[in-house]
Amino acid sequence: MELQPKIPQHWAAIFDRIANRITHLTGSSVAFLTACAVVLIWGLTGPLFGYSEDWQLVINTGTTIITFLMVFVIQKAQNKDSLAVQLKLNELIAATKGASNRLVAVENLTDEELAVLCQHYDTMAEVTRQASDLRKSHSVEEAIEEAEDKLKAAPDKER
């Protein structure tokens, strides 16, 4: 069930492009250095303005506005990234022989249902810990062999 209000598709696409662009720009070294330069210049102009309340208000207002707007842009980017990761994990679960399909779309479960699943996997991990030597691990060669066996066993699909 999606709780987002419906907005026209073209507005959503425009916002997506703008949010992606802002996210990439503000996450860059140039943006960080620019922010540092702004703060440095603001600090250096303090004596010029006598460290007045208006001088302080400039940086406070600017940073508050930018922070307020960035919260929404960052949340948008995190929502998109989170959905992409969930879809990739769902594909891995669905494609993995022996994996529990109950975990596909697990992010939609209630907190109580997640707690039950968590307890199940905690118990399973404890049983595994007690039954095996943790110092032994699979080699790269074993992992490659298992992957090749899985590909051979899978029906012909688009690869």
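Visitor: What is the relative accessible area of Ile22, and which class does that give?

Guide: A residue is buried under 20% relative accessible area, exposed over 50%, and partly exposed in between, with a 1.4 Å probe and protein chains only. Ile22 has a relative accessible area of 29%, so Ile22 is partly exposed. The model is predicted, so local features need pLDDT of at least 70 and side-chain atom pairs count only at pLDDT 80 or more, while totals for chains, interfaces and linings use all residues. Residues are numbered from 1 along each chain as its sequence is written, and side-chain values use heavy atoms, with hydrogens and water left out.

Visitor: How much of the chain is buried?

Guide: Of the 159 residues in the chain, 7% are buried.

Visitor: What secondary structure does the chain have?

Guide: Helices (H or I, at least four residues) and strands (E, at least two) are DSSP runs, numbered from the N terminus. The chain has five helices and zero strands. Read from the N terminus, the order of elements is α-α-α-α-α.

Visitor: Which residues make up the nonpolar patch on the surface?

Guide: Patches are made of residues with over 30% relative accessible area and no salt bridge; like charges are joined within 9 Å, and nonpolar side chains (Val, Leu, Ile, Met, Phe, Trp, Tyr) within 5 Å. The areas come from the Shrake-Rupley method with a 1.4 Å probe, and for residues only the protein chains shown count as cover. The nonpolar patch consists of Ile65, Phe68, Leu69, Val71 and Phe72, which together have about 520 Å² of accessible area. Leu69, one of these residues, is placed in helix H3 and is partly exposed at 48% relative accessibility.

Visitor: Which residues gather in the patch of negative charge?

Guide: Lys and Arg count as positive and Asp and Glu as negative, while His and the chain ends are not counted. Each charge is placed at NZ of Lys, CZ of Arg, CG of Asp or CD of Glu. The negative patch on the surface gathers Glu145, Glu146, Glu148 and Asp149. Among them, Glu148 lies in helix H5 (residues 140-153) and has a relative accessible area of 43%, so Glu148 is partly exposed.

Visitor: How many disulfides does the structure hold?

Guide: A disulfide is a pair of cysteine sulfur atoms within 2.5 Å. The structure holds zero of them. Cys36 is partly exposed at 35% relative accessibility, and Cys118 is partly exposed at 43%.

Visitor: What is phi of Tyr51, and what is phi of Ala105?

Guide: For Tyr51, phi is near 50 degrees, a positive value in a residue other than glycine. Tyr51 is in the loop between helix H2 (29-44) and H3, and is partly exposed at 47% relative accessibility. For Ala105, another residue other than glycine, phi is positive and near 65 degrees. Ala105 occupies the loop between H3 and helix H4 (111-131), and counts as partly exposed at 26%.

Visitor: What separates the C-alpha atoms of Ala95 and Lys150?

Guide: The separation is 10.0 Å, for residues 55 apart along the chain. Ala95 is in helix H3, and its 41% relative accessibility makes it partly exposed.

Methods
A salt bridge is a side-chain nitrogen of Lys or Arg within 4 Å of a carboxyl oxygen of Asp or Glu.
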